[in-house]
Amino acid sequence: MATIRFLGHAAFHVEGEGLKGLIDPFLTGNPQASEGAGNFTELDFIFLTHGHGDHLGDTVQIAKRTGATVVANFELCHYLERKGLKCHAMHIGGRRRFPFGRVKLTPAFHGSGILEGDRMIYGGLAGGFLIEVEGKNLYHAGDTGLTKEMELLAEEDVRIALLPIGGNFVMDEEDAARAVGMIRPEAVVPMHYDTFDLVKADAGRFADLVGDAARVVILQPGQELRF
Ligand code: NI
Ligand code: MN
């Protein structure tokens, strides 16, 4: 059985055969964070969807301490390698087999700049991840608006889709529900909402809009879902 644990905002811990991973580990400064960056001692991979602070988060600190390999786009990897991290660079549409299963970097409509002091460093294109764990596909959309490309995911047999619903920077409840119609996952977990005033959303309303299209699982930070 594979497990994902919601850590707040867009951060998840994913565990399955051959994989202990984090996705977008923004914990320090995350008002929703269910645990601290220091909690993770054994870690194989950190999957990073884009360079914004609420996703890059504690990546550098956690990867340095645990020796985890960061999987991200080429530009983010270039930046992180210069900070001394071990990285595996991919790019949009690219798929690769890792020891635990296959990973594909999926498109997202969003930015990826890295804010360092008052400088904005180019972070390539924002993306999402399709991660195969124990033969089952987990999709983390990253930050994105609704895109027609999501229709392609209907052919990927997505078991769980992690979709942003907070609006303003990403899809709102309506658009995320439309995304569910395109992706056709077995279950969907809303994320990236209620962390800050700008991304307030109603997960119950999202569930109503999804209706019978998928099983909606609303996770509180710290809660797990097995799949
Ligand atoms: Ni972002
Ligand atoms: Mn974000």
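Colleague: Buried means under 20% relative accessible area, exposed over 50%, and partly exposed in between (1.4 Å probe, protein chains only). Which residues are buried in helix 4?

Modeller: The buried residues of helix 4 are E173, A176, A177, A179, V180, M182 and I183. Helices (H or I, at least four residues) and strands (E, at least two) are DSSP runs, numbered from the N terminus. Please note that this is a predicted model, in which local features need pLDDT of at least 70 and side-chain atom pairs count only at pLDDT 80 or more, while totals for chains, interfaces and linings use all residues. Residues are numbered from 1 along each chain as its sequence is written, chains are lettered from A and ligands numbered from 1 in the order in which they are written, and side-chain values use heavy atoms, with hydrogens and water left out.

Colleague: Thanks. And what covers those buried residues of helix 4?

Modeller: The cover includes strand 12, strand 13 and strand 14, together with helix 5, residues 203-210.

Colleague: In which sense do strand 7 and strand 8 pair?

Modeller: Strand 7 pairs with strand 8, residues 101-107, in the antiparallel sense, over four bridges. As one example, R97 has R102 of strand 8 as its bridge partner. Contact here means heavy atoms within 4.5 Å.

Colleague: Now the metals. Which residues coordinate the nickel ion?

Modeller: The nickel ion (ligand 1) is coordinated by H50 (NE2), H52 (ND1), H110 (NE2) and D143 (OD), at 2.2 to 2.3 Å. Donors are N, O and S atoms within 2.8 Å of the metal (3.2 Å for Na, K and Ca); water is not among the atoms, so sites may look incomplete. Along the sequence, the spacing of the nickel donor residues is H-x1-H-x57-H-x32-D.

Colleague: Where in the chain do H50 and D143 sit?

Modeller: They come from distant parts of the chain, 93 residues apart: H50 is in the loop between strand 4 (45-47) and helix 1 (53-56), whereas D143 is in the loop between strand 12 and strand 13. Both H50 and D143 are buried.

Colleague: And which protein donors does the manganese ion have?

Modeller: The manganese ion (ligand 2) has D54 (OD), H55 (NE2), D143 (OD) and H192 (NE2) as protein donors, 2.1 to 2.3 Å away. Their spacing along the chain is D-H-x87-D-x48-H. D54 and H55 are buried.

Colleague: How far apart are the two ions, and what coordinates both?

Modeller: The manganese ion (ligand 2) and the nickel ion (ligand 1) lie 3.2 Å apart, and D143 coordinates both.

Colleague: What about D157: buried or exposed?

Modeller: D157 is exposed, at a relative accessible area of 56%. D157 also has a positive phi of about 50° without being a glycine, and its place is in the loop between strand 12 and strand 13.

Colleague: Next, F12. Where is it, and what does it touch?

Modeller: F12 belongs to strand 2, residues 11-16. Its relative accessible area is 0%, which makes F12 buried. Not counting residues up to four places away in sequence, F12 touches I4, R5, F6, L7, G21, L22, I23, H140, L162, V189 and M191. Furthermore, F12 and P221 are 209 residues apart in sequence and 9.2 Å apart in space, C-alpha to C-alpha.

Colleague: Last one: which strand holds N73, and what does N73 touch?

Modeller: N73 is part of strand 5, residues 69-73, and counts as buried at 2% relative accessibility. Leaving out residues up to four places away in sequence, N73 touches M90, H91, L105, S112, G123, G124 and L125.

Terms used: Two strands pair if DSSP finds at least two bridges between them.
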